[in-house]
Number of protein chains: 4
Amino acid sequence: MVDTVRSTFLNLPEAKQEKILDAALAEFADKSYEQASVNVMVSACGIAKGSLYQYFKDKKGIFLYVFDLAVSRVRRTLVKVKEETAGEEFFTRLEKSLLAGVDFIRRHPRIYNLYLKILFDQRVPERERLLTAVRRFAADYLGSLVRQGVARGEIRADLPEHTVIFLLDALFDRFLQATCVPAFDVTLNLEKADEREIRERIGELVGILRSGLAA
Amino acid sequence: MVDTVRSTFLNLPEAKQEKILDAALAEFADKSYEQASVNVMVSACGIAKGSLYQYFKDKKGIFLYVFDLAVSRVRRTLVKVKEETAGEEFFTRLEKSLLAGVDFIRRHPRIYNLYLKILFDQRVPERERLLTAVRRFAADYLGSLVRQGVARGEIRADLPEHTVIFLLDALFDRFLQATCVPAFDVTLNLEKADEREIRERIGELVGILRSGLAA
Amino acid sequence: MVDTVRSTFLNLPEAKQEKILDAALAEFADKSYEQASVNVMVSACGIAKGSLYQYFKDKKGIFLYVFDLAVSRVRRTLVKVKEETAGEEFFTRLEKSLLAGVDFIRRHPRIYNLYLKILFDQRVPERERLLTAVRRFAADYLGSLVRQGVARGEIRADLPEHTVIFLLDALFDRFLQATCVPAFDVTLNLEKADEREIRERIGELVGILRSGLAA
Amino acid sequence: MVDTVRSTFLNLPEAKQEKILDAALAEFADKSYEQASVNVMVSACGIAKGSLYQYFKDKKGIFLYVFDLAVSRVRRTLVKVKEETAGEEFFTRLEKSLLAGVDFIRRHPRIYNLYLKILFDQRVPERERLLTAVRRFAADYLGSLVRQGVARGEIRADLPEHTVIFLLDALFDRFLQATCVPAFDVTLNLEKADEREIRERIGELVGILRSGLAA
DNA sequence: AATGAATGAGAATTCATTCAT
DNA sequence: GATGAATGAATTCTCATTCAT
């Protein structure tokens with residue numbers, strides 16, 4: 001995190017910062033890391049190429065900064081959901097989390113694309129660190145939901161916690177992918193589904209989970 | 001499929017074909033499509049640059065040929081599993097399919113990487129066509145298992161078929177990813193698991209599914 | 001002329017020879033000499049690349065053979081016109097020659113294109129020799145017409161012969177170019193003219209020449 | 001004209017601009033458009049390959065810029081002749097124009113070669129547009145001379161204007177070609193003629209024209 | 001006589017990064 | 001602090017010619 005951004009950037013008026021970050025996010029979300037072009041970024045946001053190199057050490061620095069920013073937004077969103085549903089039943093919280101997830105990536109598709117990049121594009125700088133951090137956050141999030149559910153007796157206590165989390169995480173992730181990766185989902189057609197359909201599908205899926213997991 | 005490969009290539013001795021396809025697969029599995037380098041391929045397999053262009057129309061042609069080859073191998077493997085377990089119970093077949101999948105990608109990690117590429121790398125040539133084909137195959141495979149399971153009374157008949165397939169597919173896919181994408185799985189540590197552990201985890205997951213789905 | 005074609009070629013059945021020459025002429029007429037592609041020729045006429053190199057020493061050999069063939073066709077055509085109009089008046093012969101020229105290049109545009117190539121494309125092999133030969137033929141042709149015209153008292157005898165030939169040649173050549181080089185002629189629009197219009201324009205031009213040259 | 005050159009180039013010191021344009025003009029005049037090599041240009045003028053691509057979008061851009069520059073120089077030269085001879089007799093102006101033309105292409109042979117390129121090299125970018133522009137300029141130039149000559153009673157009024165222009169243009173063009181295209185002119189040997197001889201030949205030709213055209 | 005696989009130099013273009021102004 | 005010109009190695013793809021079969 002150190003060395004990725006320079007004070008020159010942080011001293012910039014916020015509007016300018018935003019313009020630059022927008023251009024960078026757009027480019028990184030659109031192409032693979034190596035294919036993303038600094039040239040395109042600078043001409044998209046109308047600054048000189050040299051300037052960008054005064055704000056960030058190099059391309060890698062730009063990427064890391066943009067990525068960290070994106071992650072913290074995701075984090076904030078999900079944590080809010082967790083807090084707002086603190087008292088509710090486990091399966092309800094699951095549904096609401098899923099819905100919030102879909103909502104988020106529909107509003108910020110480029111951030112979600114960034115995440116997909118590091119999932120499967122080796123050669124993203126510090127991929128391992130970034131990926132582990134994100135994955136860990138997801139696991140922790142679901143883990144805390146599950147533990148609370150078990151404590152309240154809403155979930156069977158005899159199941160290995162890790163396996164339950166794995167299953168939930170798999171479903172969660174895939175559901176989001178299905179709603180936004182083109183040509184990916186050939187069974188539920190989530191990509192073109194409106195909110196009502198999304199809710200229905202979530203209901204069905206959580207229904208099955210309930211049969212499998214509920215105490 | 002037409003126009004991707006030239007007869008020049010097919011007339012080559014098999015050993016040479018293999019050497020070339022190996023180099024190409026390695027490169028495409030390693031980098032994003034655009035980043036994959038024809039230069040690297042030719043020096044990896046020790047042929048002249050011009051020669052590769054006698055075998056294939058262009059980079060895209062190489063990719064499509066390699067990809068189609070890879071898909072047909074996967075297909076063959078899974079179809080064999082289906083046939084060999086034709087008489088068995090649904091959840092057993094599921095376990096065996098998963099196991100066969102893990103086994104396949106452990107023996108052919110680069111093929112699996114190729115699949116991951118087209119999942120999330122826009123800019124892969126004919127991505128939509130390729131992806132849809134693969135996804136559809138997976139859905140059909142699981143679909144036929146499910147329908148037979150329902151017919152035999154092993155699975156609840158009241159669940160929407162598509163949703164069940166979606167769930168199984170999600171789990172299937174994620175399980176494979178967890179076993180071979182580095183730094184991806186932070187809950188079950190499948191990447192480093194030996195076969196015994198894999199079997200155990202599969203057992204646990206299918207156990208949960210059984211509770212949710214069994215009639 | 002030696003060394004351009006090999007006996008292997010001349011022993012070929014005529015139909016095959018023709019097919020090959022056709023493909024070569026088409027390619028050389030279409031592109032600059034260096035840009036013309038042996039690959040394109042062989043795939044256009046359906047023979048192996050190696051075969052072409054058994055018929056001709058190299059690309060240059062193909063070109064020279066095709067060119068010589070083309071020139072002899074032109075020569076034959078014009079000589080026939082000269083013979084058939086042997087007894088007629090100078091300006092009539094001029095008109096008929098022009099008409100025959102237009103007719104020839106409309107029927108054999110690729111041959112005319114070949115000629116244009118060597119006119120202005122440096123880097124055509126043996127360009128100087130080929131061009132001089134063609135130019136000399138044209139000058140001789142017009143020269144013999146002029147001398148006969150002078151002898152018969154149809155043309156002023158006080159004019160320098162070379163200058164007269166130069167003028168006629170210029171007009172002749174330009175007229176042909178105007179009828180077949182796209183976008184070249186912006187005054188008479190000869191490119192799109194039908195035969196009647198061509199005759200009219202020829203009549204007008206020769207009319208002016210008559211005023212300037214007639215005795 | 002737009003998009004061919006970049007401000008980067010125009011901001012360069014004039015000497016450097018000239019060096020680059022010189023190298024480009026030399027290359028384009030020497031070879032066919034497709035055969036002309038950007039590599040050769042950059043090593044001829046001692047800049048990096050990447051730099052040239054900062055100055056121009058692509059090879060086509062370089063060509064168009066060089067061509068437009070060349071055309072405007074020709075235009076300027078001829079317009080000056082027209083103005084300087086405004087009051088003089090038609091046939092005198094014709095002679096002076098021809099002389100100025102010969103003088104120009106002897107001082108700028110590469111510019112004239114560029115013109116010849118687009119005349120007969122299909123495959124030059126925007127050939128039609130460029131060629132039409134040049135041809136139209138020539139026709140307009142001669143047309144204005146002719147119309148003034150007719151108005152002053154120096155030229156027969158009964159001749160179709162277009163045909164007269166066509167004839168003059170043909171002669172004009174061919175005369176210039178004869179003086180600078182190697183091996184082209186086999187009758188007057190203009191290529192090796194000194195200025196005195198050129199003047200004589202021009203005199204003779206215009207003499208004939210006078211007989212044909214003068215009122 | 002015919003084939004067609006092999007070659008490697010050369011083509012145009014893009015790129016992240018540096019540095020003098 | 002901001003600029004943008006300069007770089008040269010990298011990219012994909014084409015080509016005429018050779019030669020063993």
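**Note on the interface of chains A and B**

1. In this predicted model, the side chains of B:Arg174 and A:Asp169 meet in a salt bridge, with a nitrogen-to-oxygen distance of 2.7 Å. Across the interface of chain A and chain B the rule finds six salt bridges, and it also finds 15 residue pairs in polar contact there, counting pairs in which both residues have pLDDT 80 or more.

2. The elements that give two or more residues to the side of chain A that touches chain B are α7 (109–120), α8 (127–151), α9 (161–180) and α10 (195–213) of chain A. Of the elements on that side, α9(A) gives the most, with 14 residues. Sorted by class, the side of chain A that touches chain B holds 26 nonpolar, 10 polar and 15 charged residues.

3. As to the extent of the interface, 51 residues of chain A are in contact with 52 residues of chain B, and the area buried between the two chains is about 4,600 Å², of which carbon and sulfur atoms give 67%. On the side of chain A, the residues A:Phe120, A:Phe166 and A:Arg174 supply 18% of the area that this chain buries against chain B, which is more than any other three residues supply.

4. The C-alpha trace of chain A spans about 60 × 35 × 30 Å along its principal axes.

5. One helix pair within chain A may be described in more detail. How do the axes of α6(A) and α8(A) cross, and within what distance do they come? The axes of helix α6 (residues 90–107) of chain A and of α8(A) come within 9 Å and cross at roughly 160°. Because angles over 145 degrees count as roughly antiparallel, α6(A) and α8(A) are therefore roughly antiparallel to each other.

6. The contact of this pair is made, on α6(A), by A:Phe90, A:Arg93, A:Leu94 and A:Ser97, and, on α8(A), by A:Tyr141, A:Leu142, A:Leu145, A:Val146, A:Gln148 and A:Gly149. The residues of the contact of α6(A) with α8(A) divide into six nonpolar, three polar and one charged. Helix α8(A) is also one of the elements that give two or more residues to the side of chain A that touches chain B.

Definitions and conventions
Residues are numbered from 1 along each chain as its sequence is written. Chains are lettered from A and ligands numbered from 1 in the order in which they are written. This is a predicted model: local features need pLDDT of at least 70, side-chain atom pairs count only at pLDDT 80 or more; totals for chains, interfaces and linings use all residues. Side-chain values use heavy atoms; hydrogens and water are left out. Contact means heavy atoms within 4.5 Å. Buried area is the accessible area (1.4 Å probe) that two parts lose on being put together, summed over both. A salt bridge is a side-chain nitrogen of Lys or Arg within 4 Å of a carboxyl oxygen of Asp or Glu. A polar contact is a pair of N or O atoms within 3.5 Å; within protein, one must be able to donate a hydrogen and the other to accept it, and residues adjacent in sequence count only if both atoms are side-chain atoms. Helices (H or I, at least four residues) and strands (E, at least two) are DSSP runs, numbered from the N terminus. Ala, Val, Leu, Ile, Met, Phe, Trp, Tyr, Cys and Pro count as nonpolar, Asp, Glu, Lys and Arg as charged, and the others, Gly among them, as polar. Axes are lines fitted to C-alpha atoms, for helices over the stretch in contact, and angles run from 0 to 180 degrees between N-to-C directions. Angles under 35 degrees count as roughly parallel, over 145 as roughly antiparallel, 65 to 115 as roughly perpendicular and the rest as oblique.
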